[in-house]
Amino acid sequence: MSQHGVGPRAVTRSVAFLTAGVLAVPALAGCGSEDPAGKPLAAPDIQPAGRDRIADGGTLRWAVDSVPDTLNTFQSDADATTVRVAQAVLPSMFRMDASGRPERNPAYLESAKVVETEPKQVVLYKLNQQAVWSDGREIGAADFAAQWRALSGKDTAYWTARNAGYDRIQKIERGDNALEVRVTFSRPYADWRSLFSPLYPKDVMGTPDSFNDGARKKLKVSAGPFTVKKVDGEDDEITLARNPRWWGKPAKLSEIVLRTVPRDKLAAELAAGTLDVAEVDPSAARRITVAARPQSSSSPLMGPGADRSAADALPSGGVANGSDEEAADEETVARKKLRKAAAKYARQQQALRGFEVRKSLEPAYTQLALNGAEGPLADERVRRAVARALDRKELAEAVLKPLGLPAVPVGSHLALSGQAHYADNSGALGGQDTKEAQALLADAGWVRGGPVKEQDKKKEEEKKAAGAEGKKAGASEEEQDDGGTYIVGEDNKARHGQDPADHLAQDEKQYKHPHQGGAPGAYAPKGTAAPANRGAAPLAKNGKPLTLRFVLPSGPGSQTLRTVADRIARMLERVGIGTDISKVSDESYFKDHIASGQYDLALYSWPATAFPATDARPVYAKPVPAADGSLNVEQNYTRVGTDQVDQLFDEAVSTLDEGESRSLIRKADSRIWAAAGSIPLFQRPQLVAARKNLVNTGAFGFGTPVYEDMGFLTKGAKPASGPSARAS
């Protein structure tokens, strides 16, 4: 993840205004007996079952967004499916538990710990003695060393997307025996557990040619419960087969087929029986939930008479009057089409009764980004005023409450509730306060009813007129669409420092976190009351009104994202801030607007990470001027950063005292809040449609999937029961 940029400091400040530099942090850092990390807000919902209840064999058909261009997660064009394949077929020294914290993977590691700190940090890995590659060769130091050399950044012939952590390694050598690997670091590295997950064989990492091209479309050698059997570009699917050389508990499934299915086709494919599991949007989730309810003859499109009910609802004025035979014929054709569509819908609903929706919270959060590079938001006081105008609790409830998920605003930029580094540091900025927001704006020189230049006044009037028209048109559009939001950094490239601007962050599942699953994003119900002061004069300064350009995508999968933006616009209007909502094409939304800084306000999401000292630094580091005079923002798309935040990240990644490292990360988060470059809103919902007899699969939340335990229940068997079986 990443963000860069800094706004100029103002000369005068109001009493309530605090700069990031003078913020008092200790009280916000979560120091005390009670762990501020708390617990995850929602548990995984995977329908757990013991292996003795699962049938041996079967094929799991799993919907994905795309067949990836590469199977190498360390390349820039890796995506969510690349990560999913790697999780099933490659070693990972550590994986994520249900709280989003790294845990040793016993299939590959007997132990891993820091055995020396002076003069250098040394980590000793003791490998599982049964761990072998699919060609029979033991996993060992040669594989670790090859991966380090490829990812260290020293050889530019390797087309790598990241080298964070690997660039701190000094040497890798065999320990006292073939099962031991000693890794010596040139500089202390707190996030050493992030390394070698996944681990590729030396055949892939050994040379630039094999790294760049050898693992793009196939993996000849693997070491997981599954192997890559086939990558079919024509049929857009990848087939994973049970690995006969797997030394752990044998995979229950014979095969997993990852199929590319467009979002708008998911419900139909599930109903047709061609899929067993798929991440779905709220609209599809509602269909599945409704299908599971007892059918009622009074519900159109749900009972045996559904086709007739729908057809009879068609207006029949022309026929009753007998005035136009041609109109009557057209109406008859329309009735037939509607009956056919209704019958098809009813059949699909019947088929969907075999599915259920499993829900949790995704390990990612949606934020409001404020571009601090130029314009009104370059003034820290205006950014803070925007933040103080927002009711984050209301936004979280609007999005999550209708889905039956915990509606708690996110309190950290760097972790989510339950993760080791989490603490609610939002107090560094403060909650919703209209008077405080207005005081900050006044201190920054923005006056309500101030003089506005004629051309700006005309623009404001045009925007108002356009907004009214857009609102009328938007209602039906909103009713028809329940898409998601945009998420940045959910591919391997973005999480580890590669700028994802070359790829469109098209929707909430286009890019996935390297170690997590994903799911639909920002959802909100329609409508809220108009603010009482809607007609009040706008704030103005130097002859210009205070109007912020709110850039949003225009595609069919993002209506709910636009609904959330509309709520935010109303909140801002209450304090005198106008918004110019600009809808741009999906193709240009991220690359041409967010990454290039052509926006004032925007909504997108970041994944959570167990290693924020490494992964989050490029998101919040202070921008650095490049040789050509441009600003190198890495992934800091708000362009807001401070030297103090950079220093705290550097200290956190270089201390081997885990408690101290967590404290430093929390202090950094407090200062990020105070700078008000981005405002975390809510953790994203995760909705997964799955066959009722499919177990150990679904909404994984933070946890890394255990692929060998996935499968279908034996006839008559039931899944585990109790509170841990489903998300509360």
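Helices (H or I, at least four residues) and strands (E, at least two) are DSSP runs, numbered from the N terminus.

## Basis of the model

This is a predicted model, in which local features need pLDDT of at least 70, side-chain atom pairs count only at pLDDT 80 or more, and totals for chains, interfaces and linings use all residues. Residues are numbered from 1 along each chain as its sequence is written, and side-chain values use heavy atoms, with hydrogens and water left out.

## Backbone features

Most residues other than glycine have a negative phi, and most peptide bonds are trans. Arg 639 is not a glycine, yet its phi is positive at about 60°. Arg 639 is placed in the loop between strand E20 (631-632) and helix H19 (643-654). With 7% relative accessibility, Arg 639 counts as buried (under 20% relative accessible area; exposed means over 50% and partly exposed lies in between, with a 1.4 Å probe and protein chains only). Gln 47 likewise has a positive phi, near 50°. Gln 47 belongs to the segment before strand E1 (59-64) and is buried at 8% relative accessibility.

Two cis peptide bonds can be described. One joins Glu 118 and Pro 119, with omega about 0°; Pro 119 lies in the loop between strand E4 (109-116) and E5. Another runs from Ser 197 to Pro 198, with omega near 5°, and Pro 198 lies in the loop between E7 and H3.

## Aromatic pairs

A pair of aromatic rings is described by the distance of the centres and the angle of the planes. The structure holds 19 aromatic pairs (rings of Phe, Tyr and Trp, the last by its six-membered ring, with centres within 6.5 Å; planes under 30 degrees apart count as stacked, over 60 as edge-to-face and the rest as tilted). One of them is the edge-to-face pair of Tyr 125 and Trp 192, with 6.3 Å from centre to centre and 80° between the planes. Tyr 125 lies in strand E5 (residues 122-127) and Trp 192 in the loop between strand E7 (180-185) and helix H3 (202-205), so this pair ties together parts that are 67 residues apart in sequence. Tyr 125 is buried, at a relative accessible area of 1%, and Trp 192 is buried at 4% relative accessibility.

The rings of Tyr 158 and Phe 211 also form an edge-to-face pair, because their centres are 5.5 Å apart and their planes stand at 75°. This pair links distant parts of the chain, 53 residues apart: Tyr 158 is in the loop between helix H2 (141-151) and strand E6 (169-174), and Phe 211 is in helix H4 (residues 208-214). Tyr 158 and Phe 211 are both buried.

One aromatic cluster is formed by Phe 74, Phe 94, Tyr 125, Phe 144, Tyr 166, Trp 192, Phe 196 and Tyr 200.

## A buried loop residue

Val 280 is located in the loop between strand E11 (277-279) and helix H6 (282-292). Val 280 counts as buried, at 1% relative accessibility. From C-alpha to C-alpha, Val 280 and Leu 266 are 7.3 Å apart in space, and they are 14 residues apart in sequence.

## Charge at the surface

Lys 265, Lys 340, Lys 344 and Arg 347 form a positive surface patch (residues with over 30% relative accessible area and no salt bridge, like charges being joined within 9 Å). A salt bridge is a side-chain nitrogen of Lys or Arg within 4 Å of a carboxyl oxygen of Asp or Glu. Lys 340 is found in helix H9 (residues 325-351) and counts as exposed, at 65% relative accessibility.

Terms used: Patches are made of residues with over 30% relative accessible area and no salt bridge: like charges are joined within 9 Å, nonpolar side chains (Val, Leu, Ile, Met, Phe, Trp, Tyr) within 5 Å. Accessible areas come from the Shrake-Rupley method with a 1.4 Å probe; for residues, only the protein chains shown count as cover. Lys and Arg count as positive and Asp and Glu as negative; His and the chain ends are not counted. The place of a charge is taken as NZ of Lys, CZ of Arg, CG of Asp or CD of Glu.
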